[in-house]
Amino acid sequence: MNITIRQLGQEDVEAVDPLLRAAYRVTFSRSLELHRNLAIQPDGWLIAERDGEPVGIVGVTNYGPFAYVGLMAVDPKAQRQGIGQLLMEALIARENPTLQLDATPSGAPLYRMFGFVNDGEAALYEQVQPSATIAHPQVRHMQPDDLPMVAAFDIPLFGADRSRVLERLLSELPDRAFVAHDDTGRLSGFLFAQAATLGSWVATTPALASALIDTALVEAPIERPRVLIAKSHPYADAILVERGFVLQRTLEHMRRGPAQTWGQPDQRYGLTSFALG
């Protein structure tokens, strides 16, 4: 088996997209997501090739104190041939902080081989019964001038600086990004309404989290929107269920490195993606 591992580049995205769609059993393109992830972490993505053809990818986004692994994919025709293991060996060989990821039941055994352990659950919710919502006066559209303030607000809640993620999201979604302010006018939350997923979604209180998602559902409507949450979140489940969201599946959240809590998990309502956290 002639497998080579090299760094993935933007020029590889269109060739890799069919592999991603086949591996994740979806019909829609993953190109935008992969272009985004590469723009955020250009040196973090690896491609496996066999005789010059892509057969697998994986990537990591390094936030400093921790990093997220995501979009591990192997062409279904090339699975069970050790390609995923080769990709993880190459990724682990790099200098990385504590690694986090969200694993399917089929993927978890591979990660355990490399020292990942269970660290909770992640959950995917989808709105199957739209509910009546209204826009809230405490919520408005995010402007480019808001970005430094939003990034600074986010650091103690996320536990690291992800300004490059927020900047990329705002550049892609200039009319689908929202900020919330408390009664004193202080920035207290934000939400990005992506093409299919509502997140990142951060707020200091459940009331403001509710105001953000209500406003997003009205002003940036999506057919059957999804939200990715930490299953242990104390408030997100109730907020979503009240708005017609239903739990679709859970994944095992895994960690490679010391156990630690970063930021304020109870103020992080929705993930950006399973690859970015």
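So, the second largest pocket: 29 residues line it, and Q100, A230, H253, P265 and R268 lie nearest its centre. By pocket I mean, on a 1 Å grid over the protein atoms alone, an open set of points with protein on both sides within 12 Å along at least five of seven lines, and a lining residue has an atom within 4 Å of a point.

Please keep in mind that this is a predicted model, where local features need pLDDT of at least 70 and side-chain atom pairs count only at 80 or more, while totals for chains, interfaces and linings use all residues. Residues are numbered from 1 along each chain as its sequence is written, and side-chain values use heavy atoms, without hydrogens or water.

Back to our pocket. The space in it is about 570 Å³, taken as what probe spheres set on the grid points fill, with points joined across faces, edges and corners. Its lining has 14 nonpolar, 9 polar and 6 charged residues; Asp, Glu, Lys and Arg count as charged, Ala, Val, Leu, Ile, Met, Phe, Trp, Tyr, Cys and Pro as nonpolar, and the others as polar.

Which strand gives the most to this lining? That's β6, with 4 residues. Strands here are DSSP runs of E, at least two residues, numbered from the N terminus.

Now the sheet. It is open and mixed, with 8 strands ordered β1-β2-β3-β4-β5-β12-β6-β11; pairing takes at least two DSSP bridges. β1 and β11 each have a single partner strand, so one side of each lacks a neighbour in the sheet. β6 and β11 run antiparallel, joined by 5 bridges, and Y125 has V227 in β11 as its bridge partner.

Definitions and conventions. 1 Å grid on protein atoms, 1.4 Å probe; cavity = no way out; pocket = protein on both sides within 12 Å on 5 of 7 lines; lining within 4 Å.
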